[in-house]
Amino acid sequence: MKTFAFDSIERYSRFSETRNLKKLICNKEWRAFSEDEEKESYTFMPNGTVMIAHNTTSLKGSWELDTKNRLFTIEGKSSKHRFTITFISKEVMVLNPAGDSNYSFLINENNDKFFKPRFYPDLINYFRQKDIEEDKDADLAAIGQKPVAESESTAFKQKVASRQEAINEQQQKEAAEDLLEQITDGNSQYGTRVVLYIFAAIYLIVLIYNLFKLPVAQAVLDTITYGTIINLVVALLFINKLVEKVLDTLAIKRWKKAHPNDPRNKYL
């Protein structure tokens, strides 16, 4: 199961189902969330057996659940993984792998809400929506049996919609920043490498030019002198940053072409 960073997921534990965890988990197909085309799912049986499907292959393993401590163990033929159940509902199960600060997400493929997240922001919005719903329930509880004017009801709905929109936008921006870092990773190294190649090429060109009209010793000396001056100019032009910027732009274009419907695209 792939892991994802999620700030303060523990704060959503108050929404988590706590009764009859085993019944909630068993006899359902739980798909491991991933933004790529990889297919991995788990079906947990009440007898402690788990069927693991990975792309086109499947295998049988075992699983254990410590309901008191919410510890979840999955064991395959040659591996054993232990998790803490951080959050669970009829739609999503969030697992924290032992020794890892990130989280794995399992999605109930047959949930009643038809929740089928494709991208990371979809998961974020799921939890943000729970915040909205709790605030709404709290406001309604505070109102009690008092009649609510239509204008107040409309204002409340607008407030909820506005807050939800702001939360979604901010979260997508943060997710886009993480995505940008992933797809442009290593471009700064390529920029530095290109400049080093340019430096070497300049020294070589100057040396070859000098060898045609100067003695070898003088040609080497002039190459070191004038080649260094030229390379200082190249360095001052920040060619490496220009190369990095071009590579970043190309990487973003390739991503958008491969993932045209990703909601993070407008923030890249």
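Let's start at N27, whose place is in the loop between α1 and β1. What is the phi of N27, given that it is not a glycine? Its phi is positive, at about 60 degrees. N27 is also exposed, because its relative accessible area is 54%, and exposed here means over 50%, buried under 20% and partly exposed in between, with a 1.4 Å probe and protein chains only. The helix and strand names come from DSSP runs (H or I of at least four residues for helices, E of at least two for strands), numbered from the N terminus.

A quick word on what you are looking at: this is a predicted model, in which local features need pLDDT of at least 70 and side-chain atom pairs count only at pLDDT 80 or more, while totals for chains, interfaces and linings use all residues. Residues are numbered from 1 along each chain as its sequence is written, and side-chain values use heavy atoms, with hydrogens and water left out.

Strands count as paired if DSSP finds at least two bridges between them. Between β1 (residues 29–32) and β8 (residues 104–108), which run antiparallel, there are 3 bridges. In this pairing, R31 stands opposite I107 of β8. Another stop is R70, in the loop between β4 (57–66) and β5. R70 is a residue other than glycine, yet its phi is positive, near 55 degrees.

What gathers in the nonpolar core? In soluble globular proteins, nonpolar side chains tend to be buried together. A nonpolar core here is a set of buried Ala, Val, Leu, Ile, Met, Phe, Trp, Tyr and Cys residues joined through side-chain atoms within 4.5 Å. The largest such core has 19 residues, and those with the most contacts inside it are I25, Y42, F44, F72, I74 and M93. At least two of its residues come from each of α1 (21–25), β1, β2, β3 (49–54), β5 (71–75), β6 (80–88) and β7 (92–97). Apart from this core lies another, of 11 residues, including F33, V94, F115 and F127.

Now for the charged residues. Side chains of opposite charge can pair when their charged atoms come close. The whole structure holds 6 salt bridges, each defined as a side-chain nitrogen of Lys or Arg within 4 Å of a carboxyl oxygen of Asp or Glu. In one of them, R31 meets E109 at 3.0 Å, N to O. Since R31 lies in strand β1 and E109 in the loop between β8 and α2 (120–143), this pair ties together parts that are 78 residues apart in sequence. R31 counts as buried at 14% relative accessibility, and E109 does too at 16%.

A second salt bridge joins the side chains of R264 and E35, at 2.7 Å from N to O. This pair links the segment after α6, where R264 sits, to the loop between β1 and β2 (40–44), where E35 sits, 229 residues apart. R264 is buried, with a relative accessible area of 3%, and E35 counts as buried at 17%. Salt bridges that share partners also join E29, R31, K39 and E109 into one network.

Finally, the helices. α5 (residues 216–236) has 21 residues and reaches 30 Å from first to last C-alpha, close to the 30 Å expected at 1.5 Å a residue; the expected span is 1.5 Å times one less than the number of residues. Its buried residues are A219, D222, T223, G227, N231 and V234, and their cover includes α4 (187–211) and α6. Just after α5, F238 takes a positive phi of about 55 degrees. Helix α6 (residues 239–258) contains K256, which counts as partly exposed at 32% relative accessibility. Not counting residues up to four places away in sequence, K256 touches N265 and L268.

Notes:
Contact means heavy atoms within 4.5 Å.
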